[in-house]
Amino acid sequence: MDPPAPSPPPRERRARRRVVVGAVLGLVLVAGVVVATVGIVGGGGGGSGATALPPIPEGQSAGAPDGLVDLDPAAGSSTPGSADYPVPADALFVDGGARAGESSQEVFQTIRAAVEAAVDGATIVIRGGEYHESVEVTATRGLTLQAYPGDEVWLDGSVVVEGWVADGSRWRHDDWTVALDSSPTFERGAPEDPEEGWTFVDHDHPMAAHPDQIWIDDVPLEQVADAARVGEGEFAVDLESQTLVVGSDPTGSDVRASVLPRALQLRSDGVTVRGIGIRRYATSVPDMGSVTLERPGITLENVTVVESATTGVFVGAADANLRNLTVERNGMIGISANFADGLVVDRVAVLGNNTESFNRAPVAGGMKLTRSRDVRILSSEFTGNNATGLWFDQSCYTIGVADSRFDRNAGHGLFLEISARAVVVRNVMARNVRYGVKVNDTSDVILRHNLLLGNGWGVAVLQDERRADASGARGLDRRFPQPDPTMTWVGTDVEIVGNTLVGGGPEALLWAEDYSGHSDAEGLRIVAEGNLYVRAGPDAPRVVVKWQVDPGWGPAGHETLAAFQEETGLEASGVEVVGSATAGAAPSTSAIPTTFAWPDWATAAFGGLLR
């Protein structure tokens, strides 16, 4: 478990910020060699402004495929209102603005009423509009909820608030009786867990778990605890006096406040939801998500989920499919999953989540999965999340991550923790504040043909004291007999092959260490081969590789790839480039592996991904 990240100065408020990230890409000619240049501009985890990284040499014998820097997974939902799904002849229709007698067909005014009338396999077609509802699907297998072609459909958890009264430098709305659950953990009404690394709310952001939200003309306000201290751009809820107080003038403006905790609770097998938007729900931490997938075989497609107070989407059952989703600006995390075996995440954009600055651990950021097996993350984007972009934890098993981008997250780009069997191929990890990829207590991991650009650290493979067979171990998957020989939490057999690691800052591009002192990189069978190491200069970074060669000592810092090769015998086919010049002798052709054998488990699980 990572310790919490450093936080801004204390303040009793909840902040909602939109993160905008852009990439500046180009090609230049250096010493007669075509190289790719990259700069990242905008906000997010990596800071502001534009910082030039070392050029990425092309045509090298080592490293990731040329052109990977331009990877665009085309992730995200279509804009609400642009979907064009066919309408079955026997569809049920919902139109919140319909009037009696306007149609020969029965038209329901609420989605909930249509769901109650539907039979197994029915399709409900929703006409354009804003639906202020909480919908639960409990007894209808194979139900489809979809937008009418070309209609913009939103489920909205907020209401318009009028009747404001000036009160000194503030404005007050009286008779506000909406009391929301501010429980700070997944157990309703329970206090925080005092154990380090298990506390949700950062003490510098004590209002984070309060799901109250207000917007004035679509601009979010920040919540403070004391109504007497509300200033410009802030609000407070005073339940004792039943008042809502804002510090910005609401006169003549559209003021909205979240009042509904949940949008969709999907509790029937095989439900499909497509072509709609979901926004502004007052989802508390124990509510698990504005949208919850609680039965097998559920599909979300072309769905947008934005500005939920805590979690956008929760997957808690097997064989779910998330396709072309945009999950953005949610208060704690975009997507979370537990027991989500067989989950497929395809072209999903997870952007700018953890706006409330919850602690990075135990759960916050872009997407986190626990106790889930046979998961595929494909052609997706994790950008600007205020913690880790994508996190597998607590005994996940057989993980595939391919053709995706991890940009400017405030934690790690990708984090594999106390899990086993992962294939990570053809991804771009750029400008993440901490590690591009962190592998912690996770066995049988293959990192191949990835591009890591200007992260705090490039790749780290680390082992600590945790063991799955230890008394009182937290994070076991108790669906399986314990101890589980396939899930030891000992990070053996990690292979880092054919990646490009580009740095420009002070930290090492590759790091392997057992800081419990029980083993070293060789003892854990950690292998590095055929990687391309690119540095801005001899001191950027000064150390290319930190690699533990003796269990009794910390990792040795190798200032050149040649020194690492000599010490370990690894990276015979690796290449180091400093600035635009190759450092040391280029590997001989005979030393460069033309093939790399995938283990049987990877071939059986992922087949076509392993090109």
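For the protein chain the average pLDDT is 89, and 89% of the residues score at least 70. The model is predicted, so local features are reported only at pLDDT of at least 70 and side-chain atom pairs only at pLDDT 80 or more, while totals for chains, interfaces and linings use all residues. Residues are numbered from 1 along each chain as its sequence is written, and side-chain values rest on heavy atoms, with hydrogens and water left out.

**Overall organisation**

- Buried residues account for 57% of the 611 residues in the protein chain, where buried means under 20% relative accessible area, exposed means over 50%, and partly exposed lies in between (1.4 Å probe, protein chains only).
- Of the contacts in the protein chain with a separation of 6 or more, 63% are between residues 24 or more positions apart; a contact requires heavy atoms within 4.5 Å.
- Over residues 1-51 the pLDDT stays under 50, and the model has 153 contacts beyond four places in sequence for them.
- Where pLDDT is low, the predicted coordinates should not be read in detail.

**Nonpolar cores**

- A nonpolar core is a set of buried Ala, Val, Leu, Ile, Met, Phe, Trp, Tyr and Cys residues joined through side-chain atoms within 4.5 Å.
- The largest such core has 99 residues, of which Leu-264, Leu-343 and Phe-392 touch the most other members.
- Beyond its neighbours within four places in sequence, Phe-392 is in contact with residues including Leu-369, Val-375, Ile-399, Leu-414 and Phe-415.
- A second, separate core comprises 16 residues, among them Leu-71, Val-428, Ala-430 and Val-534.
- In soluble globular proteins, nonpolar side chains tend to be buried together.

**Aromatic pairs and charges over rings**

- Rings of Phe, Tyr and Trp (its six-membered ring) pair if their centres lie within 6.5 Å; planes under 30 degrees apart count as stacked, over 60 as edge-to-face and the rest as tilted.
- Six aromatic pairs are found by this rule.
- One of them is the stacked pair of Trp-391 and Phe-415, with 5.4 Å centre to centre and 20° between the planes.
- Trp-391 belongs to strand S35 (residues 390-393) and Phe-415 to strand S38 (residues 414-417), so the pair links distant parts of the chain, 24 residues apart; Trp-391 is buried at a relative accessible area of 2%, and Phe-415 is buried at 1%.
- Trp-547 and Phe-564 form an edge-to-face pair, at 5.1 Å centre to centre and 70° between the planes.
- Because Trp-547 lies in strand S50 (residues 545-547) and Phe-564 in helix H2 (residues 561-568), this pair ties together parts 17 residues apart in sequence; both Trp-547 and Phe-564 are buried.
- Tyr-435, Trp-457 and Trp-511 are linked into a cluster by ring pairs.
- A charge sits over a ring if NZ of Lys or CZ of Arg is within 6 Å of the ring centre and within 35 degrees of the ring normal; Arg-279 lies over the face of Trp-154 at 4.4 Å from the ring centre, and Arg-474 lies over the face of Trp-198 at 3.8 Å from the ring centre.

**Salt bridges**

- The whole structure contains 34 salt bridges, each a side-chain nitrogen of Lys or Arg within 4 Å of a carboxyl oxygen of Asp or Glu.
- Arg-141 and Asp-269 form one with an N to O distance of 2.9 Å; Arg-141 and Asp-269 both lie in loops and are 128 residues apart, and Arg-141 is partly exposed at 48% relative accessibility.
- Lys-368 and Asp-393 form a salt bridge whose closest N and O atoms are 3.1 Å apart.
- Since Lys-368 lies in strand S32 (residues 365-370) and Asp-393 in strand S35, the pair ties together parts 25 residues apart in sequence; both Lys-368 and Asp-393 are buried.
- Arg-466 and Asp-441 meet in a salt bridge of 3.3 Å, N to O; Arg-466 is partly exposed at a relative accessible area of 22%, whereas Asp-441 is buried at 0%.

Definitions and conventions: Helices (H or I, at least four residues) and strands (E, at least two) are DSSP runs, numbered from the N terminus. pLDDT is the predictor's confidence in each residue, from 0 to 100.
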